[in-house]
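The following exercises are meant for a reader who is meeting this structure for the first time. Try each task before reading the solution below it.

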Amino acid sequence: MSTDSSDLFGALFEAPAANRTVPVLVPMPAPKPYSYSVPDGIAVEPGSVVQVPLGPRQVIGVVWDGGEDGIDPKKLRPITHVFDCPPLSKELRDFIDWVSAYTLSPPGLVARMALRAPNAFEPEPMVEGLRFVGGAPERMTPARARVLDTASDGISWTRTGLAHAAGVSTSVVDGLISQGLFETIFLPPPPVVAKPDPDFASSRLQGPQKDAAEEILTEVRKREFAVSLIDGVTGSGKTEVYFEAIAETLRRGKQVLILLPEIALTASFLERFQDRFGAKPAEWHSDLAPRMREKVWRQAVTGEVRVVAGARSALFLPFEDLGLIVVDEEHDPAYKQEDRVYYNARDMAVVRGRIGDFPVVLVSATPSVESQVNGQNGRYSTIHLPTRFGNAALPDLHLVDMRRHAPEKGGFLSPVLIRAIGKAVEKGEQALLFLNRRGYAPLTLCRICGHRFQCPQCSSWLVEHRFRKQLQCHQCGHAERTPEACPECGTLDHLVACGPGVERIAEEVERHFPDARTIVLSSDIMGGVKRLRLELEAIAKGEADIVIGTQLVAKGHNFPLMTLVGIVDADLGLANGDPRAAERTFQLLSQVTGRAGRTGLKSHGLLQTYQPQHPVMQAIVSGDASAFYEREIVERERAILPPFGRLASIIVSAETRHDAENHARSMRNAAPQVSGISILGPAEAPLALVRGRYRFRLLVHGRRNTDMQAFLRTMLAQAPKERGSVHVQLDVDPQSFL
């Protein structure tokens, strides 16, 4: 990828003659492609990945659609290199344009997400291999005999591969090479994963699952765009059902994309896939090594990789012939990207399916309200799985009224929950305690003067992490060592932790059950994803008695011995002004309690709450999800909230409060007067200060049939330009209201 300085000078000042121009989209926040000339002898087409000069640098770009713009090629800088890479398909280019127009993001930034593996744009180097040419060594040994016997069938081997297959060291192979018994050849690079076999294992589906698979196969066999929603309780066999859709797609020679909210943590899913198809899918997520990302990107565009299981960014991989997208846990907030380009991968997956004219399958035990409404009005076909696979029973759920069953002083676990944990541990079963709050305590203050530890750069309290002996901000990452004395009044040993985090619950559990094996699962534990995977495997093998975790324990994991789930603070998600708070709480608590009893053991779920009459709590314990959704849909429709209305969030930030507020007010004043669209604000965002920047929020609210994008474009065009430290952040269809 590097360019020699003399080559660069020649490309810029002694470019070969050119007779035509092309638009090139570069991965920068530019509003449209730039024009470049095409030197004689260079062939490009829309989708070609090229290198072009941009200012003093050489950057990667994509030849875009639109043809010549009438500019004299002699006045333009030339394309300097064309990569030996299949062009990005028309389908992917149209998808990039659509996402750009919908999210009001520069098309170059959207294209950047499809070009995230620059070293993959040239073919992988060939691998040096060996082939047996015949003859016998000067001295035969058992080890040499094994090597010759292994290589005698004429198949080509790598040096290390042959040594491994023959069960010898590489020095034995080197000795035979030196005697001229092998010739050196060059082999194509090995595939990232073996090709999945759709008929490797027969389907184990029965009853409702078999009927559901037939419904989904009917949609897949139409070979056209359609969206199916698999709505099934936890443990109902949803994964096995959509595996049948994947198998059918593979038989047709098409590629498959499976989106998962936490692919880096779902080793169990990869194993289930391998059991069904004989090989694992290729992975795509942020924790993948750069070299492996390059291989997956390259082999997706060449068609060697048939199935990719990935996080939301996998949606922008340049597949050669994509034929199916599956969005597992479609309700999960992790599908929303809130950085640079703001998009919801679930919604964009539907768009990519429509552009490519292939089916999309959405899967969830607790579908989003938007998907539920789309199913009710016929836009999606809904497939229900009301019972667990293999007749396993759902857990018995009960509310623990914390006003009647108060914890002991300084504790957070009710006597009811403590007794239930003890019974589960005595029987050799597992208990899961869920609290969606990292660290030891969300607030630390001084008993003497009342000083509260706050982040110096954000309007949020510092969270105590006692294991690390740190106070940390979960917004910007600022951390400081936990002091022994109050920095305000200087008093020693009078700092008190307020409220619980998972570390504090672990401390309480160890006090009650000192002999139990306890594991704390949180996204900020030392060791990162690798350690989390090991911890999850240990739990699945029964190597822990009590598991204490945050929301990552709700991500589809299967713990065979888990028979008790305790929700430490079921009210936590309801304590904010988010219009999706009830839906999110219902989904999260349903998913967490669904971890219990998946293998048929009698199981229980206990939800500690101070609001036992709240509709969310009643819906969860009654198992009447339809009543909850019906009530939530009616309230959304009455308030004209999504999916019956449209929202867009505008965050204006600056280094001073005055600049942020003034610019936000100027934007409000520049908004056009349009029937059916109103603006709320500007007002300080709930998180008014983040990373030293002051934040004001405008919320644009419109009816479903309004042209929100046109309104926002006009507003941005008429508003003052961003100056100084002012930055405007636009989020169409926001998921977060902080």
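Throughout these exercises, contact means that heavy atoms lie within 4.5 Å. The model is a predicted one.

**Exercise 1. Describe the place of Arg379 and name the residues with which Arg379 is in contact, leaving aside its neighbours within four places in sequence.**

Solution. Begin with the chain: Arg379 lies in the loop between helix H12 (369–376) and strand E16 (381–385). Next consider accessibility, where the cut-off for exposed is over 50% relative accessible area; Arg379 has 52% relative accessibility and therefore counts as exposed. Then apply the contact criterion, which, with neighbours within four places in sequence left aside, gives Val227, Asn374 and Arg704 as the contacts of Arg379. Finally, look at a pair that the sequence separates: Arg379 and Ser228 are 151 residues apart in sequence, while their C-alpha atoms are 9.0 Å apart in space.

**Exercise 2. Work out how helix H5 and helix H6 cross, and which residues make the contact.**

Solution. Two packed helices are described by the angle between their axes and the distance between the axes. For H5 (residues 159–166) and H6 (residues 170–178), the axes come within 8 Å and cross at roughly 115°, and the crossing is right-handed. The contact is made by Arg159, Thr160, Leu162 and Ala163 on the side of H5, and by Thr170, Val173 and Asp174 on the side of H6.

**Exercise 3. Find the buried residues of H6 and of helix H17, and state where they lie around each helix axis.**

Solution. Take H6, whose buried residues are Val172, Val173, Gly175 and Leu176. Seen down the axis of H6, these buried residues fall within an arc of 155°, so they line one face of the helix. They pack against strand E6 (127–132), helix H4 (142–151), H5 and strand E7 (182–187). After H6 comes Gly180, which has a positive phi near 80°.

Now turn to H17 (residues 615–622), in which Val616, Met617, Ala619 and Ile620 are buried. Viewed down the axis of H17, its buried residues fall within an arc of 165°, so they too line one face of the helix. Their packing partners are strand E17 (396–401), helix H16 (581–593), strand E27 (604–609) and helix H18 (625–639). H17 is followed by Gly623, with a positive phi near 75°.

**Exercise 4. Which residues of the largest nonpolar core touch the most other members?**

Solution. The largest nonpolar core has 54 residues, of which Leu257, Leu259, Trp297, Val308, Leu315, Phe316 and Ile325 touch the most other members. Helix H11 (residues 345–356) gives the most to this core, with five residues. As a worked case, and not counting residues up to four places away in sequence, Leu315 touches Phe95, Leu257, Leu259, Ile325, Ala345, Met348, Ala349 and Arg352. Apart from this core lies another one of 34 residues, including Phe434 and Ile633.

**Exercise 5. Is Glu329 buried or exposed, and is Lys469 buried or exposed?**

Solution. Glu329 is found in the loop between strand E12 (322–328) and strand E13 (336–339), and its phi is positive, near 50°, in a residue other than glycine. With a relative accessible area of 12%, Glu329 is buried. Lys469, in the loop between strand E20 (463–465) and strand E21 (470–472), has a positive phi of about 60° although it is not a glycine. Its relative accessible area is 51%, and Lys469 is therefore exposed.

Notes: Residues are numbered from 1 along each chain as its sequence is written. This is a predicted model: local features need pLDDT of at least 70, side-chain atom pairs count only at pLDDT 80 or more; totals for chains, interfaces and linings use all residues. Side-chain values use heavy atoms; hydrogens and water are left out. Axes are lines fitted to C-alpha atoms, for helices over the stretch in contact, and angles run from 0 to 180 degrees between N-to-C directions. Helices (H or I, at least four residues) and strands (E, at least two) are DSSP runs, numbered from the N terminus. A crossing is left-handed if the near helix is turned anticlockwise from the far one by less than a right angle, and right-handed if clockwise. Buried means under 20% relative accessible area, exposed over 50%, partly exposed in between (1.4 Å probe, protein chains only). The arc is that of the directions from the helix axis to the C-beta atoms. A nonpolar core is a set of buried Ala, Val, Leu, Ile, Met, Phe, Trp, Tyr and Cys residues joined through side-chain atoms within 4.5 Å.
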